[in-house]
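Here is a short briefing on one protein model. Keep the sequence and the coordinates open while you read.

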Amino acid sequence: MVYRADHPPVPDHDELRARIPGWGVDLDPADRPSVPRERFDPGATGAHWDFPERQPELRPRERSIEHGTLPPVFGTTAPLRGVSGAVRRFAYRYSEGRAAHWLLLLAGDRVDAVESHLRSLTTVHPDNPITQTGIRTEITHHGMRSRRGTTRVDMHHAWIDPIIVGGPWVLAGVAATTIVRSLRRR
């Protein structure tokens, strides 16, 4: 048996070729269809450069400590900003092989979500927790009835959902009330 520690020795190529029809048909490079692609021929690619032209780095970028330089082209759609950016920058002090790197990146995402909620409160159209969290659907589409007697996974964290969703709104309301009261006293 092959899957045991005492498996038999592996036969040589000629014996396998004689016993199994078609075995080793691609051993000869002349018979392999991918051999032309395996040859190193820089002229065949049509590339006119040895190393591509580098994208200009307009802002400092986070970079892994495993790599000496950034790749020639990199994304700039979500620049780092605020506390979440500082957490993400700090994550790149650790190797990608360490849990601290990835846990800090996850923490940066959570901090970014909180910052986005707080930022929306300062705009003309803040986030609407009633429609964007599905609370209205829970009422109109029998949300609680669909949970009774089932093993739905979301029941395990249903108790904390109002705190996570409503918490920033309550804190913003308390902060606004405190600010207005302190301004009135002056």
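A107 sits in helix 5, which covers residues 99–121. The model is predicted. In it, A107 is partly exposed, because its relative accessibility is 31%, and buried means under 20% while exposed means over 50%. R88 is 19 residues away from A107 along the chain, and the two C-alpha atoms are 8.2 Å apart.

**Helix 5**

- Helix 5 has 23 residues.
- From first C-alpha to last, helix 5 reaches 34 Å, close to the 33 Å expected at 1.5 Å a residue.
- Which residues of helix 5 are buried? They are H101, L105, G108, E115 and S120.
- An α-helix has 3.6 residues a turn, so residues three or four places apart point the same way.
- What do the buried residues of helix 5 pack against? Their partner is helix 4, residues 82–91.

- I164 lies 50 residues from V114 along the chain, with 9.9 Å between the C-alpha atoms.
- H117 is another residue of helix 5.
- The relative accessible area of H117 is 39%, which means that H117 is partly exposed.
- H117 and W169 are 52 residues apart in sequence, yet their C-alpha atoms are 8.8 Å apart in space.

**Helix 6 and P129**

- P129 is part of helix 6, which spans residues 129–132.
- Is P129 buried or partly exposed? P129 counts as partly exposed, because its relative accessibility is 23% and the limit for buried is under 20%.
- Leaving out residues up to four places away in sequence, P129 touches I135, V165 and W169.
- G166 is 37 residues from P129 along the chain, and 7.6 Å separates their C-alpha atoms.

**Helix 9**

- Helix 9 runs over residues 161–185 and has 25 residues.
- The span of helix 9 from first C-alpha to last is 36 Å, close to the 36 Å expected at 1.5 Å a residue.
- Where does helix 9 bend? The bend is at G167 and amounts to about 40 degrees.
- A proline, P168, follows within four residues of that bend.

**Largest pocket**

- Rolling a probe the size of a water molecule over the atoms shows where empty space is left.
- The largest pocket holds about 350 Å³ of space.
- Its lining has 14 residues, and those nearest the centre are I135, E138, A158, D161 and P162.
- I135, listed there, is also one of the residues that P129 touches.
- Which helices each supply at least two residues of this lining? They are helix 7 (135–140), helix 8 (143–147) and helix 9 (161–185).
- Helix 9 gives the most to the lining, with five residues.
- By class, the lining of the largest pocket has seven nonpolar, three polar and four charged residues.

**Second largest pocket**

- About 210 Å³ of space lies in the second largest pocket.
- Its lining also comes to 14 residues, with R59, P60, R61, T76 and P79 closest to the centre.
- How do the lining residues of the second largest pocket divide by class? Seven are nonpolar, two are polar and five are charged.

**Whole protein**

- The protein has nine helices and zero strands.
- Along the sequence, the pattern reads α-α-α-α-α-α-α-α-α.
- What share of the 186 residues is buried? Buried residues make up 10%.
- Of the contacts between residues at least 6 apart in sequence, 31% join residues at least 24 apart.

Terms used. Residues are numbered from 1 along each chain as its sequence is written. This is a predicted model: local features need pLDDT of at least 70, side-chain atom pairs count only at pLDDT 80 or more; totals for chains, interfaces and linings use all residues. Side-chain values use heavy atoms; hydrogens and water are left out. On a 1 Å grid over the protein atoms alone, a cavity is a set of points where a 1.4 Å probe fits but cannot get out, and a pocket is an open set with protein on both sides within 12 Å along at least five of seven lines; lining residues have an atom within 4 Å of a point. Grid points are joined across faces, edges and corners, and a volume is the space filled by probe spheres set on the points. Ala, Val, Leu, Ile, Met, Phe, Trp, Tyr, Cys and Pro count as nonpolar, Asp, Glu, Lys and Arg as charged, and the others, Gly among them, as polar. Buried means under 20% relative accessible area, exposed over 50%, partly exposed in between (1.4 Å probe, protein chains only). Contact means heavy atoms within 4.5 Å. The expected span of a helix is 1.5 Å times one less than its number of residues. The bend at a residue is the angle between axes fitted to the seven residues ending there and the seven starting there.
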